Amino acid sequence: MTKIYVGNLPFSATDAEVRELFAQHGTVESVSIITDRDTGRPRGFGFVEMSSADASRAIQALNGTDFDGRSLKVSEAQERERSGGGGGRPPRRY
């Protein structure tokens, strides 16, 4: 399974619309449009999972294409290193 990054999505895009777009190039296993955790609004990007062969075809066919007035950025997703988070300040001791 290959995870595909889909950037520059219109904020109105739905999982169903993205699935339909990618399904033209093979079997879509999953679609996930990323939303802001505070506001719940879409952040303009998401991920699609497809088999490796289908993913390659979809990336070639869809990168730079127009989707609802926006030029899509489509590429294989890169694994992101998880940071420790937490602000870097040690807890207070009283």
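Biologist: Which residue forms a salt bridge with Asp54, and how far apart are the closest N and O atoms?
Modeller: In this predicted model, the partner of Asp54 is Arg57, and their closest N and O atoms are 2.2 Å apart.

Biologist: Where do Arg57 and Asp54 lie?
Modeller: Both belong to helix α2, which covers residues 52-62. They are three residues apart, about one turn of the helix. An α-helix has 3.6 residues a turn, so residues three or four places apart point the same way.

Biologist: Is Asp54 buried or exposed?
Modeller: Asp54 is buried, because its relative accessible area is 12%, under the 20% cut-off. Arg57 has a relative accessible area of 46% and is therefore partly exposed.

Biologist: How many salt bridges does the count come to?
Modeller: The count comes to one salt bridge.

Biologist: Let us turn to the overall fold. How many helices and strands does the protein have?
Modeller: There are two helices and six strands. Starting at the N terminus, the order of the elements is β-α-β-β-α-β-β-β.

Biologist: What percentage of the residues is buried?
Modeller: Of the 94 residues in the protein, 30% are buried.

Biologist: And helix α1: which residues are buried there?
Modeller: Helix α1 spans residues 15-23, and Val18, Leu21 and Phe22 are buried in it. Viewed down the axis of α1, the buried residues fall within an arc of 90°, so they line one face of the helix. Ala16 and Glu20 are exposed on the other side of α1.

Biologist: Which surface patch includes Glu20?
Modeller: Glu20 is part of a negative surface patch, together with Glu17, Asp66 and Asp68. Asp66 sits in strand β4, residues 66-67. Asp66 counts as exposed because its relative accessibility is 58%, over the 50% cut-off.

Biologist: Changing topic to Met50: where is its place, and is it buried or exposed?
Modeller: Met50 is in strand β3, which runs over residues 42-50. Its relative accessibility is 0%, so Met50 counts as buried.

Biologist: How far is the C-alpha atom of Met50 from that of Gly26?
Modeller: The two C-alpha atoms are separated by 7.4 Å, while Met50 and Gly26 are 24 residues apart along the chain.

Biologist: Finally, where is Ala77 found?
Modeller: Ala77 is in the segment after β6, the strand of residues 73-76. Ala77 is buried, because its relative accessible area is 18%. The C-alpha atoms of Ala77 and Val48 are separated by 9.2 Å, and these residues are 29 residues apart along the chain.

How values were computed
Residues numbered from 1 in each chain as written. Predicted model: local features only at pLDDT ≥ 70, side-chain atom pairs only at ≥ 80, totals over all residues. Heavy atoms only, no water. Patch = residues over 30% accessible without salt bridge, like charges linked within 9 Å, V, L, I, M, F, W, Y side chains within 5 Å. Areas by Shrake-Rupley, 256 points an atom, 1.4 Å probe, with all protein chains shown as cover. Salt bridge = Lys/Arg side-chain N within 4 Å of Asp/Glu carboxyl O. Lys, Arg positive; Asp, Glu negative; His and termini not counted. Charge placed at Lys NZ, Arg CZ, Asp CG, Glu CD. Helix = DSSP H or I, 4+ residues; strand = E, 2+ residues; numbered from the N terminus. Buried < 20%, exposed > 50% of the residue type's maximum accessible area, 1.4 Å probe, protein only. Arc of directions from axis to C-beta.
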